[in-house]
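Subject: Structure handover

Hi,

Here is the structure for you to look through.

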Amino acid sequence: MSALSITYDGPRATITLTQPEVRNAFSDEVIADITAAFAEVGSRDEVRVVVLAAQGPAFCAGANLNWMRRMADYTRGENLQDAGKLAEMLRVIYECPKPTIARVQGDVYAGGMGLVAACDMAVSVDSAGFCLSEVKLGLIPATISPYVIRSMGPRAAHRYFLTAERFDAAEALRIGFVHAVVAAEALDAKVDELAKAITVASPNAVRACKKLLQDVAERDINTELIAATVESIADIRASSEGKEGVQSFLQKRKPRWLA
């Protein structure tokens with residue numbers, strides 16, 4: 001079963017995560033599918049805007065359990081390779097030449113926060129919850145950090161990275177992580193409003209403007225920074241507490257540091 005679908009409607013491409021039964025969580029296969037999907041839509045001349053959507057009650061719950069089970073036994077070298085693929089997916093989304101809109105219809109956890117942050121803009125339903133839960137598992141949100149920190153700002157990141165608190169859509173709006181919060185029945189209309197604003201503008205100007213934003217305001221996400229985040233997550237995944245945190249989560253027990 002495919003992890004996603006791609007649909008085209010005139011100048012708009014929609015990439016939809018289609019695994020609600022696992023809360024649209026990541027695996028290495030899903031990461032490869034998302035990377036390929038954004039590369040494909042980004043290369044199409046007729047596409048002017050890309051919407052990232054999802055099915056079910058969750059937008060994306062981070063890593064799926066089967067992937068986490070495999071990851072728990074990875075060596076540091078395997079973790080480096082694995083994290084590198086996630087970093088590449090985020091880079092491809094972030095650098096997509098077409099403007100991107102995250103249509104957040106449900107909860108966003110851990111690595112899913114990176115998906116939203118890598119998009120140019122985000123619209124959320126008012127019932128969605130958000131959480132950077134990594135430290136509870138003995139991990140850190142390293143690979144997604146360049147995108148999430150610039151989306152919510154360093155001050156908010158200090159709180160939510162360190163506490164792993166769940167916060168609601170109103171707070172996500174207040175800190176700038178999402179651009180609009182609406183009732184579920186108004187979600188598509190708000191996404192349509194943003195998509196229309198993009199598609200009625202000059203195609204060349206929009207393309208140049210996105211490049212301008214990255215060159216002037218946001219360009220510090222470079223190969224060195226990406227490599228450093230990959231090293232960081234590989235180190236902590238391979239650490240004793242990182243392994244214990246993941247195993248305790250999978251086994252539905254408290255980690256040893258709470259015993």
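Which residues line the largest cavity? They are Met68, Met71, Ala72, Arg237, Gly242, Lys243 and Val246.

First, some ground rules. This is a predicted model, where local features need pLDDT of at least 70 and side-chain atom pairs count only at pLDDT 80 or more, while totals for chains, interfaces and linings use all residues. Residues are numbered from 1 along each chain as its sequence is written, and side-chain values use heavy atoms, leaving out hydrogens and water.

**The cavity**

Rolling a probe the size of a water molecule over the atoms shows where empty space is left. On a 1 Å grid over the protein atoms alone, a cavity is a set of points where a 1.4 Å probe fits but cannot get out. Lining residues have an atom within 4 Å of a point. A volume is the space filled by probe spheres set on the points, which are joined across faces, edges and corners.

The whole structure was searched, and one cavity of 30 Å³ or more turned up. The volume of the largest cavity is about 40 Å³. Helix 2 (65-71) and helix 11 (240-250) each supply at least two lining residues. Helix 11 gives the largest share, three residues. (Helices are DSSP runs of H or I, at least four residues, numbered from the N terminus.) By class, this lining has four nonpolar, one polar and two charged residues. Here Ala, Val, Leu, Ile, Met, Phe, Trp, Tyr, Cys and Pro count as nonpolar, Asp, Glu, Lys and Arg as charged, and the others, Gly among them, as polar.

**The pocket**

A pocket is an open set of points with protein on both sides within 12 Å along at least five of seven lines. The largest pocket holds about 650 Å³ of space. Its lining has 31 residues, and Ala61, Gly62, Ala63, Met68 and Ala110 lie nearest its centre. Helix 2 and helix 10 (223-238) are the elements that give two or more residues to this lining. Helix 2 gives the most, six residues. The pocket lining divides into 20 nonpolar, six polar and five charged residues.

**The helix pair**

Helix 3 (residues 76-94) packs against helix 10 at about 140 degrees, with the axes 8 Å apart. Axes are lines fitted to C-alpha atoms over the stretch in contact (heavy atoms within 4.5 Å), and angles run from 0 to 180 degrees between N-to-C directions. The two helices are therefore oblique to each other. (Under 35 degrees is roughly parallel, over 145 roughly antiparallel, 65 to 115 roughly perpendicular, and the rest oblique.)

Best wishes
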